[in-house]
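Let's walk through this structure together, one part at a time. Keep the 3D view open as you read.

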Amino acid sequence: MKFFSIFTNTQYTFEGKHSWENVVLLAYRHWFTLLAQGIAFFFFAILPIAVRLLAGDWIAQWGLEDLFRVLLIAYFLIWWYSFFYQVAMYLLDTWIITDHRVIDSEQHGFFNRTVAELSLTQIEDVSTRVEGFFPTLLNFGDLDVQTAGAYPKFSFKEIPNPVAVKDLLMHTRNEFITNHPGNLEIHEPHQ
Amino acid sequence: MAFPFLDLSAIPFLTILLILGALIYWVPSFFLVYHLTRFGIGIRPRIIALVFLVGAVILFGLLVAFAARIDLSYAFSRLFQAL
């Protein structure tokens, strides 16, 4: 069915993607950045079990099993929402390299979203920074793109394998410059 | 002071509480699903949105079902005895 194709069929499309543009890389933060929150959520998931074990007799004595069950489900409803909120914020912080440009899309809450883009020709210099024990061990860090002129610096934050991404970005930029002499974009007209 | 026009026992407090709770819960839940399906790139955010929605519907259904069966009469009687 056509509706369910949104779960199976994707070309890494995003808002504002041009028909002639291809996604070369879609980067999220490294999964390790979610780990601390994951541990906290695990702790909060087992907390009611501890409460039940500690206060079980008292709850039964007062005939509050029904109320405890309702409060437990309400608690897990909030837990469920909070967990997926964190996952959503993680999934909506993305860096996209296409064969024409670089897009930095960051979500800081539901009503605070910043999207910035940079043409590949504006890239002057790319540097990576891997700092700390876990980033070195797991190979993740920041990638900074220095741009021409007064454009602000572009940062890919805590992405996996930043050196490989840097190489890919430079390769894509060089290919774009080779294929677009004079920075001219020529496309077939839309049918 | 008595309220001759107001029968407090006739007010469905639990139902009102559930409706308020549903509003407070489902409005941000809608935003979550909306953001994941609109701004998410690729299949993964859509699958995450679906998993969240299915889990939230099941949990909310359980909450309503258990809340409808809640019986605090024994707890209240013990409380009044204690007082």
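In this predicted model, the contact takes 28 residues from chain A and 34 residues from chain B. On the side of chain B that touches chain A, helix H1 (13-39), helix H2 (44-68) and helix H3 (73-82) of chain B each supply at least two residues. H2(B) gives the most, with 15 residues. Here is how that side of chain B divides by class:

| Class on the side of chain B that touches chain A | Residues |
|---|---|
| Nonpolar | 24 residues |
| Polar | five residues |

Now turn to chain A, where three strands form an open sheet in the order E5-E6-E7, with antiparallel pairing. Its edge strands are strand E5 (123-129) and E7 of chain A, and each pairs on one side only. On average, neighbouring strands of this sheet are turned by 20 degrees against each other, direction ignored. E5(A) and E6(A) pair over six bridges in the antiparallel sense, and A:Ile123 stands opposite A:Thr147 in E6(A). H4(A) packs on the sheet and touches E5, E6 and E7 of chain A. The direction of H4(A) makes about 170 degrees with that of E5(A).

Which residues have the most contacts inside the largest nonpolar core? They are A:Val102, A:Phe156, A:Ile159 and A:Val165, in a core of 16 residues. The elements of chain A that give two or more residues to this core are strand E2 (94-98), strand E3 (101-107), strand E6 (140-147), strand E7 (154-160) and helix H4 (162-179). A second, separate core has 13 residues, including A:Phe84, A:Ala88, A:Leu92 and B:Ile48.

How values were computed. Residues are numbered from 1 along each chain as its sequence is written. Chains are lettered from A and ligands numbered from 1 in the order in which they are written. This is a predicted model: local features need pLDDT of at least 70, side-chain atom pairs count only at pLDDT 80 or more; totals for chains, interfaces and linings use all residues. A nonpolar core is a set of buried Ala, Val, Leu, Ile, Met, Phe, Trp, Tyr and Cys residues joined through C-beta atoms within 7 Å. A residue is buried if 20 or more other C-beta atoms lie within 10 Å of its own, exposed if 12 or fewer, and partly exposed in between; C-beta atoms are placed from the backbone. Helices (H or I, at least four residues) and strands (E, at least two) are DSSP runs, numbered from the N terminus. Two residues are in contact if their C-beta atoms, placed from the backbone, lie within 7 Å. Ala, Val, Leu, Ile, Met, Phe, Trp, Tyr, Cys and Pro count as nonpolar, Asp, Glu, Lys and Arg as charged, and the others, Gly among them, as polar. Two strands pair if DSSP finds at least two bridges between them. Axes are lines fitted to C-alpha atoms, for helices over the stretch in contact, and angles run from 0 to 180 degrees between N-to-C directions.
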